[in-house]
Amino acid sequence: MLLTITTTMSQATDLGFLLHKHPGRVQRFEQSYGRAHVFYPDAEEQHCTAALLLDVDPVELVRTRGRGTPDFSLGQYVNDRPYAASSLLASAMANVFRTAMRGRCDLRPELAETPIPLEIVLPALPCRGGPGQAERFFAPLGWDVSAVPVPLDPDFPDWGDSRYVTLTLTGTLRLADALNQLYVLLPVLDDAKHYWMAPDEVDKLIRAGEGWLAAHPDRGAITRRYLANRRALVRSALGRLADAEDAPDEELDPIEVEEEAPAEEGQGEAAPEDAPLSLSELRLRSVEQALRDENARRVIDLGCGSGKLLARLAKDEFFSELSGSDVSYRALGHASRRLRLDKRPHSESARVREVFQGALTYADERFRGYEAAVLMEVIEHVDPPRLTAVERVVFGHAAPRVVVVTTPNAEHNVRYEGLAPGAMRHPDHRFEWTRAEFRAWADRVAAEHGYRVRHVPVGDDDPEVGAPTQMGVFTR
């Protein structure tokens, strides 16, 4: 099986520094199931290609296959593993490109942090769900995706296509991000793994998915496939990923463990039509509906994170002008890729005016001029002594006609299994308010700045402890 990575950056042969593999050498790496070879079929200053060729030994593969493998009996004799990109290739990548996947390059540290033009080609990739599935998983990460079906037999076109595609990804990303995305998504698209699923697979997924998986619109399906629908593992992983985009870049700790409803074992990735919506989805819908109810078409998302809300509103023609601001440059990079701002003109991204770096504790002229401002799961990340500054900036200086604020309801935390008594949903939360505390804050802010406020529960409104999220809609 073959993987090629091509770049056209200036001094393209610096790809060798990033991969820690010299372009002038052919290197061989022993694996438990065969041998991996790294070589450069092309190494010029303006165009450089690195190739990873995995030569699978069928005898060694039989020795490593577990009896729980679905096709174990026949699979010992007939299988596609030596020829098709799968978890075998992902494991070889982790072994051969370990340092590159960590984003380390001591000789070119600035290059390791720089997005570079990349083209990645996998000639034969098993793709359960067809070419559209590859587009669904890779496109939100900023890739232009070409997934061309491989026919069962070119001489007999009536037989149709096989389950394989020739996948070509083109985009401008950090090499470390690209490798980690491949590491996760190759076995996800194949929907099979060659080894036993142990609990440490959750740690591998979280580590490789840092910075992109938590914000992916299909993180639930990706997580379930990667963890082979092992319910306990899926529940643990989704708990650690929930709302991670609203947290500091380095944090991926357990919060809101029931945000997503994992599939039952053996059900596959498809959720029943009547499956409950995640709290994250309910929150997005509630904010969008509140803005529509107030006829607010020009909106700024203050603390936009990776741009999930902006991406949703951009698909709704009701909204005419959208912007986002966040204190994290890294989060803004994810937002730009998600919104595909580099692909303008685009019918949706054209409605997004800009995303920019800014802090809510300082007045910023760019916050002004919008009909509505949204602070979705933001205020709980602010130190309480600095909340007054946020109030002054948002309600006093920017002063939009509508402000929508959502924040966790601390009373509902008792409904989350595994969350210790008195603990907050995320270690970066500076506080979590009860319903009475949020109402008191909202009423005071509204009175001081000339607004009125209505309160809306988001999620299942438990008769004893209330909804998991509380929302205040302020109107001037």
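A search of the whole structure turns up 10 aromatic pairs. Here, rings of Phe, Tyr and Trp (its six-membered ring) pair if their centres lie within 6.5 Å; planes under 30 degrees apart count as stacked, over 60 as edge-to-face and the rest as tilted. Two of the pairs look like this:

| Pair | Centre to centre | Angle between planes | Type |
|---|---|---|---|
| F318 and F319 | 5.0 Å | 85 degrees | edge-to-face |
| W433 and F438 | 6.3 Å | 35 degrees | tilted |

Keep in mind that this is a predicted model: local features need pLDDT of at least 70, side-chain atom pairs count only at pLDDT 80 or more, and totals for chains, interfaces and linings use all residues. Residues are numbered from 1 along each chain as its sequence is written, and side-chain values use heavy atoms, with hydrogens and water left out.

F318 is buried at 12%, and F319 is buried at 0%. W433 and F438 are both buried too.

The W433 and F438 rings also belong to a cluster: ring pairs link them with F395, F431, W441, Y451 and F474.

Now look at helix α16, residues 435-449. Helices (H or I, at least four residues) and strands (E, at least two) are DSSP runs, numbered from the N terminus. The 15 residues of α16 reach 21 Å from first C-alpha to last, close to the expected 21 Å; the expected span is 1.5 Å times one less than the number of residues.

Which residues of α16 are buried? They are F438, W441, A442, V445 and A446. These residues cover an arc of only 125 degrees around the axis, so they lie on the same side of α16. The arc is that of the directions from the helix axis to the C-beta atoms. On the face turned away from that side you'll find the exposed A436, A447 and E448. Cover for the buried residues includes α15, β12, β13 and β14, where contact means heavy atoms within 4.5 Å.

Zooming out, the protein has 16 helices and 14 strands, and 54% of its 476 residues count as buried.

How values were computed: Buried < 20%, exposed > 50% of the residue type's maximum accessible area, 1.4 Å probe, protein only.
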